[in-house]
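I opened my notebook to record, entry by entry, what I looked up in this structure.

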Amino acid sequence: MRWFGWFRKKPASAEAVGSSVAMIGGRLRKVGIPYALPADLEEQNRLDFQHYVLRFTFKGNYAAPLDNPRTILDVGCGTGLWAREMAALFPQAEVTGFDVNLPPADERGGVAYGVPLRPPNYRFQAGNVLEGLPFPDQSFDFVHMRLLVLAIPHDRWPFVVNELARVARVGGWVESVEAGTLRNGGPATDLIMTWIMSMLAQRGISFPDGGSVGGLMRAAGLANVVAQEADLPFGPYGGRVGSLLATDFSNGARAYGGLFEKLGIATVAQFDQAMAQAAADTSSAEIRCISPFFIAYGQRLG
């Protein structure tokens, strides 16, 4: 199912790329990559929750005008849920999930939430997009990447987008979905975002880069590029969507508390106080917080 009305095999034997994890800031985290969110069961559950929030919010799993794709690649597939759903939606397609970690569902069979945990037309390939995609030129009809802004350093974005375009077939589509920083959430929310951006800067990551992917697609030679910002309501004033987005942000941001203290950005007590105040602010009648998402897609024509 395509998004919006206003937008016209077997798993790989390798379990991960550099599979080392360590307890950092009170949570298990992957070592040796820029991505700072945890690599544990709690985070896996949050990622699945986030997927359902986005699918509900945007009423589908993609925005590009797909026409019977035969090969689909999901870069940074996380738990693999999006890729497995696409495998069910397009049973004629071979769908590949690509990530530094083996999705837990790839280790077991069965069905969850009505979706096969390992459809016959789905496979997993371990790898790190920052080191390039291990696929030949023009391998996929649809190349998808979502919410990797927290994993890609600022100076690596052109390389990554060029890799997405490189592996797209002529006539195929490349799509990116990224989040931006919360706006109009009040002083406590602003403080939390400042802390997050400070932590990311230490890893070479710039949150605003997610809004620049459309331009990078054009620079990579893609045509028919559509880039749009969707400013979504954040908090109870936005109804179900706003409440779900606030829950997802809270669950994700709380994973940073111990890390902030370790990096000298804020103590756990300061962080907890700011999170409590931010939740109160965004629940008030006066605050109209916005959670921006940046959706871009483009077509390879040559």
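**Entry 1: a buried charged pair**

I began with R46, which counts as buried because its relative accessibility is 9%, where buried means under 20% relative accessible area, exposed means over 50% and partly exposed lies in between, with a 1.4 Å probe and protein chains only. I noted that this is a predicted model, in which local features need pLDDT of at least 70, side-chain atom pairs count only at pLDDT 80 or more, and totals for chains, interfaces and linings use all residues. I also noted that residues are numbered from 1 along each chain as its sequence is written, and that side-chain values use heavy atoms, with hydrogens and water left out.

Which partner does the side chain of R46 meet in a salt bridge? I found D248, at 2.9 Å from N to O; a salt bridge is a side-chain nitrogen of Lys or Arg within 4 Å of a carboxyl oxygen of Asp or Glu. The pair links distant parts of the chain, since R46 is in helix 1 (residues 41-58) and D248 is in helix 6 (residues 239-253), 202 residues apart. Helices (H or I, at least four residues) and strands (E, at least two) are DSSP runs, numbered from the N terminus. I looked up D248 as well, and it also counts as buried, at 10% relative accessibility. E43 joins R46 and D248 in a network of salt bridges.

**Entry 2: other salt bridges**

I searched the whole structure and the search gave eight salt bridges. One of them is between D137 and R166, whose closest N and O atoms are 2.8 Å apart. D137 lies in the loop between strand 7 (122-126) and strand 8 (140-146), while R166 lies in helix 3 (residues 157-166), so the pair ties together parts that are 29 residues apart in sequence. D137 is partly exposed at 49% relative accessibility, and R166 is partly exposed at 22%.

Another salt bridge forms between D141 and R169, with the closest N and O atoms 3.7 Å apart. This pair links D141 in strand 8 to R169 in strand 9 (residues 168-179), 28 residues away. R169 is partly exposed, with a relative accessible area of 30%.

**Entry 3: the nonpolar core**

How many residues does the largest nonpolar core have? I recorded 89 residues, and those with the most contacts inside it are L73, V75, L133, F142, V143, Y256 and F293. A nonpolar core is a set of buried Ala, Val, Leu, Ile, Met, Phe, Trp, Tyr and Cys residues joined through side-chain atoms within 4.5 Å. Helix 4 (residues 187-201) gives the largest share of this core, seven residues. Leaving aside neighbours within four places in sequence, F293 is in contact (heavy atoms within 4.5 Å) with residues including L54, F58, L147 and V177.

I then turned to helix 2 (residues 81-89), which is largely enclosed by the rest of the structure because seven of its nine residues are buried. The buried residues are L81, W82, A83, R84, E85, M86 and A87.

**Entry 4: a hairpin**

Strand 1 (residues 21-24) and strand 2 (residues 27-30) run antiparallel and are joined by four bridges; two strands pair if DSSP finds at least two bridges between them. I24 has R27 in strand 2 as its bridge partner. The two strands form a hairpin with two residues between them, and G25 in the turn has a positive phi of about 60°.
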